[in-house]
Amino acid sequence: SPIGVAYTHDGLIQRINPAMASMFGYVSSDLIGRPGRTVYMSDEDYAAFGRFAGPRLSQGEPIHSEMWMRHAQGHAIWVQIDGHVADTQDTGHGTWWMMQDRSDIRDAQLQLQARINQLDAMNHRLEEAQNQLLQQDKMASIGLLAAGVAHEINNPIGFVSSNLNT
């Protein structure tokens with residue numbers, strides 16, 4: 001299975017498939033018996049996820065989440081997590097976890113969001129330029145109107161002025 005599968009009980013990893021071990025950069029036997037905390041980025045992340053997942057799992061509800069987790073080499077990977085208790089009647093029997101590395105998708109989303117932000121900024125600049133052009137066009141029209149009005153006023157005044165002496 002390309003999806004990582006693990007079984008935990010009392011906070012310890014009891015079983016793990018090769019895909020899960022590979023996703024986190026371990027050999028399967030290296031993770032068995034280790035605390036689940038091993039694959040989290042920090043104690044805070046582990047505690048926050050526990051606050052999210054614990055109440056739901058204790059009621060027998062499945063969970064679905066995505067978060068940054070830690071590869072054996074220390075770098076972060078974006079993981080999609082699905083958790084189901086082994087026995088909904090007795091939730092203390094442990095939990096089955098299905099995980100999938102979604103780092104490539106997350107990177108693509110971040111790149112897409114960055115591109116959207118760039119396009120929004122460019123669109124804003126284009127709107128400003130369009131507004132400036134409209135303002136300049138209005139000013140040019142007002143200038144032409146003023147020149148036309150001045151011409152219409154100057155022509156009769158010039159005629160009267162030159163014929164006054166006559």
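Me: Is leucine 145 buried or exposed, and how do I tell?

Reply: Look at the relative accessibility: over 50% counts as exposed. This is a predicted model, and in it leucine 145 comes out at 58%, so leucine 145 is exposed. You'll find leucine 145 in helix H4, residues 103–164.

Me: Which residues form a nonpolar patch on the surface?

Reply: For a patch like that, nonpolar side chains are joined within 5 Å. Here the patch is made of Leu145, Val149, Ile153 and Ile157. Together they have about 380 Å² of accessible area.

Me: OK, now threonine 38. Where does threonine 38 lie, and why does it count as buried?

Reply: Find the loop between helix H2 (28–31) and helix H3 (43–58), and threonine 38 is there. The cut-off for buried is under 20% relative accessible area. Threonine 38 has 10% relative accessibility, so it counts as buried.

Me: What does threonine 38 touch?

Reply: Leaving out residues up to four places away in sequence, threonine 38 touches Tyr26, Leu31 and Arg70. There's also proline 35: its backbone oxygen lies 2.7 Å from a polar atom of the threonine 38 side chain.

Me: What about phi? What is the phi of aspartate 10?

Reply: The general idea is that most residues other than glycine have a negative phi. Aspartate 10 isn't a glycine, yet its phi is positive, about 55°. Aspartate 10 sits in the loop between strand S1 (4–9) and strand S2 (12–16).

Technical notes: Residues are numbered from 1 along each chain as its sequence is written. This is a predicted model: local features need pLDDT of at least 70, side-chain atom pairs count only at pLDDT 80 or more; totals for chains, interfaces and linings use all residues. Side-chain values use heavy atoms; hydrogens and water are left out. Helices (H or I, at least four residues) and strands (E, at least two) are DSSP runs, numbered from the N terminus. Buried means under 20% relative accessible area, exposed over 50%, partly exposed in between (1.4 Å probe, protein chains only). A polar contact is a pair of N or O atoms within 3.5 Å; within protein, one must be able to donate a hydrogen and the other to accept it, and residues adjacent in sequence count only if both atoms are side-chain atoms. Contact means heavy atoms within 4.5 Å. Patches are made of residues with over 30% relative accessible area and no salt bridge: like charges are joined within 9 Å, nonpolar side chains (Val, Leu, Ile, Met, Phe, Trp, Tyr) within 5 Å. Accessible areas come from the Shrake-Rupley method with a 1.4 Å probe; for residues, only the protein chains shown count as cover. A salt bridge is a side-chain nitrogen of Lys or Arg within 4 Å of a carboxyl oxygen of Asp or Glu.
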